[in-house]
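Have a look at the structure first.

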Amino acid sequence: MSWHALRGVVMGLAAALLLTGCVVAEPVVVRTPPPLPPPQVEVVPGAPGPAYVWVAGHWAWRRGGYVWVPGYWAVPATPGYVWTPGHWAPRPGGYVWVEGRWRVR
């Protein structure tokens, strides 16, 4: 096998391995979760730098109950983007958690 052919095979395998890591799982539908607990009061520490944005904490559904996921400071991957918080969205048979995301201002 020539070097170019071998290189093509290796590149193809590398691309296949990368793509297998990109599979996104279907969101889990929670069948009529109980009402959210009261919001947690978060003490927001000072920003580590001027480019940081506070991503607020939220209640997540884990193993049949709510757990608090604390907030944190993050830097947008693209300057000028803002954080859109996650939320519970109705779906057939229950609700699904829609993750927060960065979006253009």
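Helices (H or I, at least four residues) and strands (E, at least two) are DSSP runs, numbered from the N terminus. Going by that, the protein has 1 helix and 8 strands, and from the N terminus on the order reads α-β-β-β-β-β-β-β-β. This is a predicted model, where local features need pLDDT of at least 70, side-chain atom pairs count only at pLDDT 80 or more, and totals for chains, interfaces and linings use all residues. Residues are numbered from 1 along each chain as its sequence is written, and side-chain values use heavy atoms, leaving out hydrogens and water.

Some whole-protein numbers:

| Property | Value |
|---|---|
| Buried residues (under 20% relative accessible area, 1.4 Å probe, protein chains only) | 17% of the 105 residues |
| Contacts (heavy atoms within 4.5 Å) between residues at least 6 apart in sequence that join residues at least 24 apart | 43% |

Now for V43, which sits in the loop between α1 (3-20) and β1 (53-55). Is V43 buried or exposed? V43 counts as exposed because its relative accessible area is 77%, and the cut-off for exposed is over 50%. V43 and G71 are 28 residues apart in sequence, with their C-alpha atoms 9.4 Å apart in space.
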